[in-house]
Amino acid sequence: QEKIKFSGVVEDCCCDYETVNKLNDQVLYPSLQELVKTPFFRYFKVKLWCDCPFWPDDGMCRLRDCSVCECPESEFPEAFKKPSSHGLPSDDLVCQEGKPQSAVDRTVDTKAFRGWTVTDNPWTNDDETDNADMTYVNLQLNPERYTGYSGPSARRIWDSVYSENCPKYPSEELCQEERILYKLISGLHSSISIHIAADYLLDEATNLWGQNLTLLYDRVLRYPDRVRNLYFTYLFVLRAVTKAAEYLEQAEYETGNPTDDLKTQSLMKQLLYNPQLQAACPLPFDEAKLWKGQRGPELKQKIQGQFRNVSALMDCIGCEKCRLWGKLQVLGLGTALKILFSVNGQEHLGQTLELQRNEVIALINLLNRLSESVKFIHEMGPAAERLVEGQ
Ligand code: FAD
């Protein structure tokens, strides 16, 4: 087996592994961890009950750890609430983990999106302008971790993602842009597997949770490409965030609590204009190199269509919590693609960047997830290798 080498430049990117690890440990991970805990970034708007457009529903998973805890309206920030709302009875104030049927107000106030555009993202399947059946979910209460979701249902989704929508790399015919789509999906897949390994149900009887380093090795580490793709995806999303820095700096992070909102704004600035990041890795990924050939526009449409299919497949996930994180992270990737490729590029002069509130929440939470995965693999990778070698 090839050993993972944390050296050299991350393929198709502009920074090396050592720099990425150092930057992540010292500046990005700590800022992101704080940022995602702020009220603005903790609530994600999502349509969780959707029909799979590709095959008949194979039933939602009934495993306890799959269920998502939805938020009663009383829990989300003032600015997100319906003005006429009188709140919910106090019995419902606690999130009903494991009881999706419990009375939860799913209505969403469009005023919560004040100052933010509500336009459809061309890279995703969901119509983001449609608020029907949307639910707010407190991401802090629903961490991405082991849920027990596996078997044919999970396999069918990954197989469809890879075989139908982004053919296996390396293939002679794949151009750089198509390879990038594959790498983004594979990097996300690695990150999901790493979160499963980092927070695993070790003993069901005693409800003991902890790290599963064998799983980390078996699913990710023993395939160096999967590690490389994780780093690539991290740098790609980081580039999107820094490219949109001006927009993100000026955006409104209003939740109704000025102290919280100022803190969010200042954390955002810290992330966007970090001197260490600017000195060590000013251009994490160079998007200007893409879509140069004659086939550029046609290729972009094709890849956008493929990514939309990946996004639609998230509605086929038979586990609610996996669906939540699948949808969030695919929206985050779609937002990164939109920032890097749909607007502001040389060929798109005159178009200005417009982001929705939910896109920004997805983008930052995705970057945080990737950052956690990079940190985990950097810290625990050697121990996992030793463990497996010693067996
Ligand atoms: P899988 O991870 O299902 O992989 C299937 C096949 O894909 C592998 O055999 C391999 O050929 C290929 N593959 C694997 N990793 C990569 C990679 N990085 N790059 C390229 N190819 C790869 N389960 C949870 O417990 N918690 C979750 O939060 C969760 N979220 C999910 C989100 C989505 C969108 C999906 C589709 C599934 C999710 N699952 C989650 C299920 C989980 O991803 C696995 O499918 C499940 O744990 C079974 O794993 P497996 O070993 O069969 O391999």
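Over residues 81-116 of this predicted model, pLDDT (the predictor's confidence in each residue, from 0 to 100) stays under 50. For that segment the model has 75 contacts beyond four places in sequence, a contact being heavy atoms within 4.5 Å. Residues 344-349 likewise have pLDDT under 50, with nine contacts beyond four places in sequence. Where pLDDT is low, the predicted coordinates should not be read in detail. For the chain, the mean pLDDT is 79, and 74% of residues reach 70 or more. The model scores are ipTM 0.99 and pTM 0.85.

Residues are numbered from 1 along each chain as its sequence is written, and side-chain values use heavy atoms, with hydrogens and water left out. As the model is predicted, local features need pLDDT of at least 70 and side-chain atom pairs count only at pLDDT 80 or more, whereas totals for chains, interfaces and linings use all residues.

The chain contains 12 helices and four strands; helices (H or I, at least four residues) and strands (E, at least two) are DSSP runs, numbered from the N terminus. Of its 391 residues, 56% are buried, where buried means under 20% relative accessible area, exposed over 50%, and partly exposed in between (1.4 Å probe, protein chains only). Among contacts with a separation of 6 or more, 81% are accounted for by residues 24 or more positions apart.

Helix H4 (residues 176-198) and helix H11 (residues 320-342) have axes that come within 12 Å and cross at roughly 145 degrees. Axes are lines fitted to C-alpha atoms, for helices over the stretch in contact, and angles run from 0 to 180 degrees between N-to-C directions. The crossing of H4 with H11 is right-handed, the near helix being turned clockwise from the far one by less than a right angle. Leu184, Leu188 and Ile192 contribute from H4, and Gln329, Val330, Leu333 and Leu337 from H11. The contact comprises six nonpolar residues, one polar residue and no charged residues; Ala, Val, Leu, Ile, Met, Phe, Trp, Tyr, Cys and Pro count as nonpolar, Asp, Glu, Lys and Arg as charged, and the others, Gly among them, as polar.

Within H11, Gln329 has 0% relative accessibility and therefore counts as buried. Beyond four places in sequence, Gln329 touches Glu144, Leu188, Ile192, Leu366 and Arg369. Pro53 lies 276 residues away along the chain from Gln329, with a C-alpha separation of 19 Å. In the loop between H11 and helix H12 (357-390), Leu353 is also classed as buried, because its relative accessibility is 11%. The C-alpha atoms of Leu353 and Lys338, 15 residues apart in sequence, are 8.7 Å apart.

Helix H6 (residues 224-243) reaches 29 Å from its first C-alpha to its last over 20 residues, close to the expected 28 Å; the expected span is 1.5 Å times one less than the number of residues. Since 16 of these 20 residues are buried, H6 is largely enclosed by the rest of the structure. In helix H10 (residues 296-313), the end C-alpha atoms are 26 Å apart, in agreement with the 26 Å that its 18 residues should span. Buried positions in H10 include Leu299, Ile303, Phe307, Val310 and Leu313.

Asn207 occupies the loop between strand S3 (200-203) and strand S4 (208-210). Its phi is near 55 degrees, a positive value in a residue other than glycine. Asn207 counts as partly exposed because its relative accessibility is 39%.
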